[in-house]
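The tour goes from charged pairs to a helix and then to the core.

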Amino acid sequence: MWLVRLGVRILVPVLLGFCLLIGAAVLVGGGVPTFPSAETAVGKNPCALPCVYGITPGATDRLTAFSTVDQIALNRSFLTMTRTSFTLPDSVLGLLTFDQQAEQATVSSVGLWGMSTRLGSVEIGEFSDLLERGWRPERVFLTCDFSSIIQMFIIMDEGRVLTRIPLANIGIDAPVLSFTMYGGRGGADQFMDANVECLTETQWLGFAAPWRYLQAQTG
């Protein structure tokens, strides 16, 4: 009997310590990291990033990309020789860009967007889907303050990833409004440098209050 009491005395402090560690993680990090969101476009991705729905930027050629898209998409639309859009279920819009206009072109990026403007209906993913891969923000941009919803563009993975989240929802469970995977280092940096109209670069402050980002932006 004394062995049982001894076991209880040892087990209870261990369990309490474990609970305290979880509580501290929630307070410091905004929550315990989660698995990929099973019901989002990123979570449903059938292959490991940088592969996006069977297409790997920097490796997949034009014809293979079109064949892959035609198997999974509701439709595919030719925009230009370097840009092709497609629609996935759950109102997800995809965009392929190519490195040249020739038929032998290679996919340079794959982008995903939610077609609905309501945050609650966005099915792209959660910020944790990217953070759990070890990717950390490298460059951060905020949209103009006269926008109804200030958005944060974040470059990750040595410039291979560009994602967008609403500043007001910053946290590991922030909804991903758009996600683009580039084929090489610096692809996202080049895109943002060429499209910085009405965007302000600021520093990454972690999961700080939105007002701190606005203060850093103006300061």
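A salt bridge is a side-chain nitrogen of Lys or Arg within 4 Å of a carboxyl oxygen of Asp or Glu. This is a predicted model, and a search of the whole structure finds 7 salt bridges.

Select Arg185 and Glu158: they form a salt bridge, with the closest N and O atoms 3.2 Å apart. Arg185 sits in the loop between strand E8 and H4, and Glu158 in the loop between strands E6 and E7, so the two are 27 residues apart and the pair links distant parts of the chain. Arg185 is exposed, at 59% relative accessible area, while Glu158 is partly exposed, at 41%.

Next, select Arg139 and Asp189. Their closest N and O atoms are 3.3 Å apart, in a salt bridge. Asp189 is in helix H4 and Arg139 in strand E5, so this pair ties together parts 50 residues apart in sequence. Both residues are buried.

Now select helix H2, residues 62–72. Which of its residues are buried? They are Arg62, Ala65, Phe66, Thr68 and Val69. The buried residues pack against strands E1, E2, E3 and E4.

Finally, select Phe179. Among its contacts are Leu49, Trp135 and Val161. In the largest nonpolar core, of 41 residues, Leu96, Met152 and Phe179 touch the most other members.

Note on methods. Residues numbered from 1 in each chain as written. Predicted model: local features only at pLDDT ≥ 70, side-chain atom pairs only at ≥ 80, totals over all residues. Heavy atoms only, no water. Buried < 20%, exposed > 50% of the residue type's maximum accessible area, 1.4 Å probe, protein only. Helix = DSSP H or I, 4+ residues; strand = E, 2+ residues; numbered from the N terminus. Contact = heavy atoms within 4.5 Å. Core = buried A, V, L, I, M, F, W, Y, C linked by side-chain atoms within 4.5 Å. Lists of a residue's contacts leave out its neighbours within four places in sequence.
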